[in-house]
Amino acid sequence: MTNNIYFIANWKMYGNIESIKTIKNVISLSKKRSLKNVKIIYCPPYTLLSEFVKKTKKSSISVGAQNCHQHSSFGSFTGSINSLMVKNIGCEYIILGHSENRKIGDTDKVINTKIRSALKANLKIIFCIGETLKEKKNKQTKKILKNQIIKGLKGIKNINNIIISYEPVWSIGTGLIPKIDDLKKKIIFIKKVVNNYFQPKKTKILYGGSVNPKNVKSLKQIKQINGFLVGGASQNDKKFIDIIQKSIN
Ligand code: PGA
């Protein structure tokens with residue numbers, strides 16, 4: 001992967017067919033020369049993937065899914081979608097390990113299986129890790145992060161197609177972000193763990209959790225961060241554009 005700054009729009013369970021119109025301005029922005037090192041990835045709900053792929057076809061914007069089933073081929077799993085189907089519809093990326101899915105049953109082992117299947121399907125992975133408030137208060141953050149990395153990536157030889165997104169659970173959707181100094185330390189720690197255990201060519205680490213146009217200027221001071229995973233603010237084109245512009249200027 002190149003030295004891009006990543007902006008992932010995680011739309012979660014929001015959006016309908018009309019909402020696609022709102023990405024028009026982001027598509028125009030992505031064509032500007034000043035954005036040549038910027039990689040924008042839209043991750044809408046499954047129902048909109050195909051429309052997003054069509055709409056972004058003539059731009060540098062990529063599309064990703066927000067999750068998939070752990071089974072790597074077709075099967076009798078009502079209501080589920082596997083990584084091959086995600087790839088087949090034209091997605092290049094997939095978010096795995098998001099805390100909202102960990103909360104409803106995705107264990108490290110399940111996430112590991114999903115990552116393997118997505119890699120096999122030739123998808124690039126946005127692998128989310130992060131501690132809960134309780135774990136932070138109990139000073140377990142480093143232990144938790146290390147565990148999630150080692151277990152989630154267990155046995156994976158080529159991790160060059162994996163981008164890690166550090167998302168403290170207590171920061172998601174709350175308006176709270178970590179102190180800049182602390183965040184920098186955590187990012188450096190994550191990089192060290194990944195480098196020690198997996199020797200990637202280059203580790204890419206994003207930050208996610210309440211990123212908005214107001215706090216992005218302070219977040220971007222951390223040079224070790226390779227971009228942002230944006231939830232709520234990414235559903236509003238003006239806010240998302242503002243975040244991108246403030247990060248690169
Ligand atoms: P948020 O979500 O930006 O709304 O906090 C981030 C995420 O869950 O990926």
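## A walk from the cysteines to the ligand

Start by selecting Cys-68: it is buried, with a relative accessible area of 4%. Keep in mind as you click around that this is a predicted model.

Now show the cysteine sulfurs. With a disulfide taken as a pair of cysteine sulfur atoms within 2.5 Å, the count comes to zero disulfides. Cys-68 is in none, and the nearest cysteine sulfur, at 11 Å, belongs to Cys-91.

Next stop, the ligand. Select it together with the residues around it: Asn-10, Lys-12, His-98, Glu-167, Ile-172, Gly-173, Gly-209, Ser-210, Leu-229, Gly-231 and Gly-232. Colour that shell by class and you get two nonpolar, seven polar and two charged residues.

- Lys-12: a polar side-chain atom sits 2.7 Å from a ligand oxygen.
- Gly-173: here a backbone N or O atom is 2.7 Å from an oxygen of the ligand.
- Gly-232: a polar backbone atom lies 2.8 Å from a ligand oxygen.

How much of the ligand's accessible area does the protein cover? On its own the ligand has 280 Å², and the protein covers 95% of that.

Finally, hide the ligand and look at the space it takes up: that is the second largest pocket.

Note on methods: Residues are numbered from 1 along each chain as its sequence is written. This is a predicted model: local features need pLDDT of at least 70, side-chain atom pairs count only at pLDDT 80 or more; totals for chains, interfaces and linings use all residues. Side-chain values use heavy atoms; hydrogens and water are left out. A residue is near a molecule or strand if one of its heavy atoms lies within 4 Å of it. A polar contact is a pair of N or O atoms within 3.5 Å; within protein, one must be able to donate a hydrogen and the other to accept it, and residues adjacent in sequence count only if both atoms are side-chain atoms. Accessible areas come from the Shrake-Rupley method with a 1.4 Å probe; for residues, only the protein chains shown count as cover. On a 1 Å grid over the protein atoms alone, a cavity is a set of points where a 1.4 Å probe fits but cannot get out, and a pocket is an open set with protein on both sides within 12 Å along at least five of seven lines; lining residues have an atom within 4 Å of a point. A molecule sits in a cavity or pocket if more than half of its atoms lie within 2 Å of its grid points. Ala, Val, Leu, Ile, Met, Phe, Trp, Tyr, Cys and Pro count as nonpolar, Asp, Glu, Lys and Arg as charged, and the others, Gly among them, as polar. Buried means under 20% relative accessible area, exposed over 50%, partly exposed in between (1.4 Å probe, protein chains only).
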